[in-house]
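Please look over the sequence and the structure below before reading the notes. The notes are grouped by topic.

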Protein chains: 2
Amino acid sequence: MLLPEGTVLTAPESREAYRHDEAEWAPSALPVAVVRPTTAEQVRDVVRLCVSHGAPVVARGAGTGLSGGANAVEGGVVLSLERMDAVIEVNTLERYAVVQPGVVNDDLRSAVAEVGLWYPPDPASSPWSTIGGNVATNAGGVCCVKYGVTRDYVLELQVVTGTGELVRVGRRTAKGVAGYDLVGLLVGSEGTLGIVTEVTVRLRPARPVEQTVVGYFDSLVAAGEAVAAVAAAGVVPSALELLDEQCLAAVDAWKNMGLRADAVAILLARVDAPGSAGDAEADAVLAAFEGAGASWAARSGDREEADALFAARRLAYPALERLGPVLTEDVCVPVGAVPAMLGRIEEIGRRCDVRVATIAHAGDGNLHPLLLTPPGDEAARERAQQAFAEIITAALDLGGTVTGEHGVGLLKREGLEAELDPAVTAMHRAVRRALDPHGILNPGKVVPAQA
Amino acid sequence: MLLPEGTVLTAPESREAYRHDEAEWAPSALPVAVVRPTTAEQVRDVVRLCVSHGAPVVARGAGTGLSGGANAVEGGVVLSLERMDAVIEVNTLERYAVVQPGVVNDDLRSAVAEVGLWYPPDPASSPWSTIGGNVATNAGGVCCVKYGVTRDYVLELQVVTGTGELVRVGRRTAKGVAGYDLVGLLVGSEGTLGIVTEVTVRLRPARPVEQTVVGYFDSLVAAGEAVAAVAAAGVVPSALELLDEQCLAAVDAWKNMGLRADAVAILLARVDAPGSAGDAEADAVLAAFEGAGASWAARSGDREEADALFAARRLAYPALERLGPVLTEDVCVPVGAVPAMLGRIEEIGRRCDVRVATIAHAGDGNLHPLLLTPPGDEAARERAQQAFAEIITAALDLGGTVTGEHGVGLLKREGLEAELDPAVTAMHRAVRRALDPHGILNPGKVVPAQA
């Protein structure tokens, strides 16, 4: 195998930059080499070389993951898809786009918006994260409460398999049931079942302009009750986000956006039904907020103000990260359990003496309590890890899941074991061994290949 | 194992009734026993017994499948889920329903409609087919062009695995990425990876009343051009069905509905955007029909008339079956290729001297040319089989798939082999062996476990 110059990085300082994703709390190792291919055939050749040497290979996009799924492993190669960043085709009639894995989410969204189309999945990392990483983690986002997650948009994948074959799975037609849903299986498999070298995503026509409803609440639990009330009203908002005062303050301190609110939590809702149906949805959301005891709630007539609030939502994580190490939770509970879960999170934070800032895709019950620790405070770090484990247990108690959208990676392996029936874990192992018979694809992540 | 009386059928005439589904053209065998369990534990016990005896087990719902997926195999047991027909829970806040596999599709839809909710997947067989069978085949239907297929609605499954374990996979929360998407893998796996004993489906709020647009066309190809024109106009109709004159005549001859149209093909479109947005959609569909050369097109103000036309669509298959043996195709092509594919189907019918009646979920490119043969005419049967194979080849030529919604079963095994890369077929086999290590689950269907 002869790779073009610049494809393989071997200098220690270069390799160090690819040691881990945003999950700095998870274990990582210095990769033995970093390969940055520019073609699918190069990816295949690298995987074949790893097969023949029994070397682990960890695929990686932009490294914005929050669970350690892209953390390098001992003796392993990191395969960064960052240079495969071409939008290959946008088909307006069949409404799909074909892209390489290194295309940044926002770049795809812009490219298709130019021709009146829309790619919905919008993780908060959309200015940085890549479609390949979004596919590997089955990324969610703000509008997923109405429009679904990454898996709902992937039609076809070109992948390099665990045996070093370059294949296509799925289809580009609107429907198709020819064989098992290997596309769905690969999406969210965090690089453990194959390495994605091309993605065909389904697109939607551009949608009507959204309307925004904002609510201020004196407690997290009251905000949670408003979320359940929106669901009970039969409305499907196109966004329903929660930010607590700490998130707003951190963004403000960084970007000086003038956001400080006299509230413990705010809810940001959007609706996008066309015409008067959208007005009716906005009214119903407003009524739900007021009925749940909002201290102030209104439809936002000011588009700039509304956009600033959603921008703050997107910036909350990096803003909090500036203050010290952040351990990010990602539980998802039934919508009706959101108030109870928010109460449990507050209680756990108090009891473990950990500062917790909460952002949430509240409308689908996906909560991100962020556990904040002062830099260098080892005792606080341990307390945060204790709180992390207790929040997982609480989510499972309430009928939830240990990860709503970030993935299992390394941080949620124990949680996954707690969530799954041992016979289901065994099914995972069997599938993993079937598709990665040499055990080289991102070993140790999600679920170990052997019990 | 002690099963209650009446659970096991052994009389030859009873077993004969479970020999095959609607795919009478596919091979079948007389099952050695038919088991009709009433609990998941009984299903588990039957599977364990089959494991210990190495006996094949073929799961079956209502037997309305069209690809032979439920056809009994030599020396095998048929496990009919027909008596497990309870709607266990409808949760209006979280918008899901929990049902046993033997619940008939229309019964689920009625049960959730009573509380203002909607289960979209609506195969033409909805008055008879069961949710278990819908899950096994990933059934589509009329409204799937806008609202997706069965897989898009399954949240959680209780299944008996190939090793005889009774487990739950998936979740009931709105989002979740804890482990591989085993739910998606099981949906559409036609009983080869597990046997479903309970299904939790996602529901939507009831939607606005639909508007109907009808178009008459002097040729199938012109109707196909109208379908592509609707897509090009950026409209997503909630239904876009095609029926040719033979389908209408057959339904009329049976039900005397007064449907006979002076046209070669008709298109039935529905749109469901609320308020004036719906009017705009209907106008755009009408313009697309007229622009493609409809001999007559109109928005249907008469709800009864519109409902009668959609009822005719649903009855087309059984109406044609009354006339003689029917071989049902189920190809799906890109929407832009619909006119070309309809032309190819006509040409193949002429050349092979086979009478072809076509119904189609035209809006998503899913075409069902029905190959009609006179009863007892063996030569016509052979010509129909030749046409069937040629239609599959034509669909693949045009970038399509060999099965849009009916499944592979027995009839599409060769087509599947033609469609998939051999390395992808090998992935299927590996997954199958991983989850059915004893090779007892519906052997010989979809893809053989061994090359």
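The briefing below starts with the model and its two chains and then goes through parts of each chain.

This is a predicted model, in which local features need pLDDT of at least 70, side-chain atom pairs count only at pLDDT 80 or more, and totals for chains, interfaces and linings use all residues. Residues are numbered from 1 along each chain as its sequence is written, chains are lettered from A and ligands numbered from 1 in the order in which they are written, and side-chain values use heavy atoms, with hydrogens and water left out.

**The two chains**

- Two copies of a chain are related by a rotation about an axis and a shift along it.

**The annotated span**

- UniProt, in an unreviewed entry, lists residues 27-206 of chain A as "domain: FAD-binding PCMH-type"; its positions are given in the numbering used here, feature names are shortened, and annotations may be inferred rather than shown by experiment.
- This span, residues 27-206 of chain A, is 22% helix and 24% strand, and its end C-alpha atoms lie 42 Å apart.
- Helices (H or I, at least four residues) and strands (E, at least two) are DSSP runs, numbered from the N terminus.

- Strands count as paired if DSSP finds at least two bridges between them.
- Strand 5 (residues 87-91) and strand 6 of chain A run antiparallel and are joined by four bridges, with V90(A) opposite A97(A).
- These two strands form a hairpin with four residues between them, and R95(A) in the turn has a positive phi of about 55°.
- Y96(A) and V98(A) point one way from strand 6 of chain A, A97(A) and V99(A) point the other way, and all are buried; buried means under 20% relative accessible area, exposed over 50%, and partly exposed in between (1.4 Å probe, protein chains only).
- Strand 6 (residues 96-99) of chain A also runs antiparallel to strand 10 of chain A, with four bridges; Y96(A) has R202(A) as its bridge partner there.
- Strand 8 (residues 154-160) of chain A is antiparallel to strand 10 of chain A as well, with six bridges, and V159(A) is partnered by V196(A).
- Strand 10 (residues 195-202) of chain A is mostly covered, with seven of its eight residues buried.

- Helix 7 (residues 220-232) of chain A has 13 residues and reaches 19 Å from its first C-alpha to its last, close to the expected 18 Å; the expected span is 1.5 Å times one less than the number of residues.
- Among the buried residues of helix 7 of chain A are L220(A), V227(A) and V230(A).
- The buried residues of this helix pack against several elements of chain A, including strand 12 (211-217), helix 9 (275-291) and helix 11 (338-352).
- G234(A), with a positive phi near 80°, follows helix 7 of chain A.
- Helix 11 (residues 338-352) of chain B has 15 residues and reaches 21 Å, close to the 21 Å expected.
- Its buried residues include M341(B), L342(B), I345(B) and I348(B), and the buried residues pack against elements of chain B, among them helix 7 (220-232) and helix 12 (378-397).

**Two single residues**

- T7(A) lies in the segment before strand 1 (8-9) of chain A and is buried, with a relative accessible area of 1%.
- Not counting residues up to four places away in sequence, T7(A) touches V34(A), V35(A), R36(A), P37(A), Q42(A) and R83(A).
- P127(A) sits in the loop between strand 7 (117-118) and helix 4 (131-137) of chain A and is partly exposed, at 34% relative accessibility.
- P127(A) and R314(A) are 187 residues apart in sequence and 9.6 Å apart in space, C-alpha to C-alpha.

Notes
Contact means heavy atoms within 4.5 Å.
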